[in-house]
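I opened my notebook beside the model and wrote down each thing I looked up. The entries follow in that order.

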Amino acid sequence: MRLGYNVCMSSHVEPAPLPETSFTSRQLRQYTGERGRPIYIAYAGIVYDVSLCPKWRRGLHENLHWPGQDLTPELGDAPHTASVFDHPCAKRVGRLIPDEV
């Protein structure tokens, strides 16, 4: 006698990706970790939430870089490469777009 069992096959459906948020430099400047807001920075047109990154927890990174800014021009002087944005604590949250004139 063969014992049977029920197999529940769940169909895993990937949620539709959310549209990416666009930030102007002016909007980015609001994300400094103050008043309960997260800490955002931009690099190469991508905006990252670095609130959970240890080097950003006090707000000023290495006593050189303020949150809420595009740090693209400053990476060349940094002791690290852009691979720092691959760390799990750096979450991509959107893209940087030009300020409207």
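**Entry 1: T24.** I looked up how well T24 is covered. T24 has 11% relative accessibility, so it counts as buried. The cut-offs I used: buried is under 20% relative accessible area, exposed is over 50%, and partly exposed is in between, with a 1.4 Å probe and protein chains only. T24 is found in the loop between β1 and α1. Next I asked which residues T24 touches, leaving out those up to four places away in sequence. They are L96, I97, P98 and D99. A contact here means heavy atoms within 4.5 Å.

**Entry 2: ground rules.** I noted that this is a predicted model, where local features need pLDDT of at least 70, side-chain atom pairs count only at pLDDT 80 or more, and totals for chains, interfaces and linings use all residues. Residues are numbered from 1 along each chain as its sequence is written, and side-chain values use heavy atoms, with hydrogens and water left out.

**Entry 3: the elements.** I listed the elements of the chain and found one helix and four strands. Starting at the N terminus, they run β-α-β-β-β. Both kinds are DSSP runs numbered from the N terminus: helices are H or I with at least four residues, strands are E with at least two.

**Entry 4: the sheet.** I asked in what order the four strands lie in the sheet. The order is β1-β4-β3-β2, in an open sheet with mixed pairing. The edge strands are β1 and β2 (40-43), and each pairs on one side only. On average, neighbouring strands are turned by 40° against each other, direction ignored. For such angles, axes are lines fitted to C-alpha atoms (for helices over the stretch in contact), and angles run from 0 to 180 degrees between N-to-C directions.

I then checked the pairs. Two strands pair if DSSP finds at least two bridges between them. Strands of a sheet pair through backbone hydrogen bonds, either parallel or antiparallel. β1 and β4 are parallel, over three bridges. In β4, L96 is the bridge partner of F23. Strand β3 (residues 46-49) and β4 are antiparallel, over four bridges. V47 has G94 in β4 as its bridge partner, and Y48 stands opposite R92 in β4.

**Entry 5: a salt bridge.** R92 came up again, this time with E20. Their side chains meet in a salt bridge, 2.7 Å from N to O. E20 is in the segment before β1 (21-23) and R92 is in strand β4 (residues 91-96), so the pair links parts of the chain 72 residues apart. E20 is partly exposed, at 37% relative accessible area. The rule asks for a side-chain nitrogen of Lys or Arg within 4 Å of a carboxyl oxygen of Asp or Glu. By this rule I count one salt bridge.

**Entry 6: positive phi.** Most residues other than glycine have a negative phi. I looked for exceptions. R35, not a glycine, has a positive phi near 55°. R35 lies in the loop between α1 (25-28) and β2. With 84% relative accessibility, R35 counts as exposed. A44 is not a glycine either, and its phi is positive at about 50°. A44 sits in the loop between β2 and β3.

**Entry 7: whole chain.** Buried residues make up 27% of the 101 residues. Of the contacts with a separation of 6 or more, 65% join residues 24 or more positions apart.
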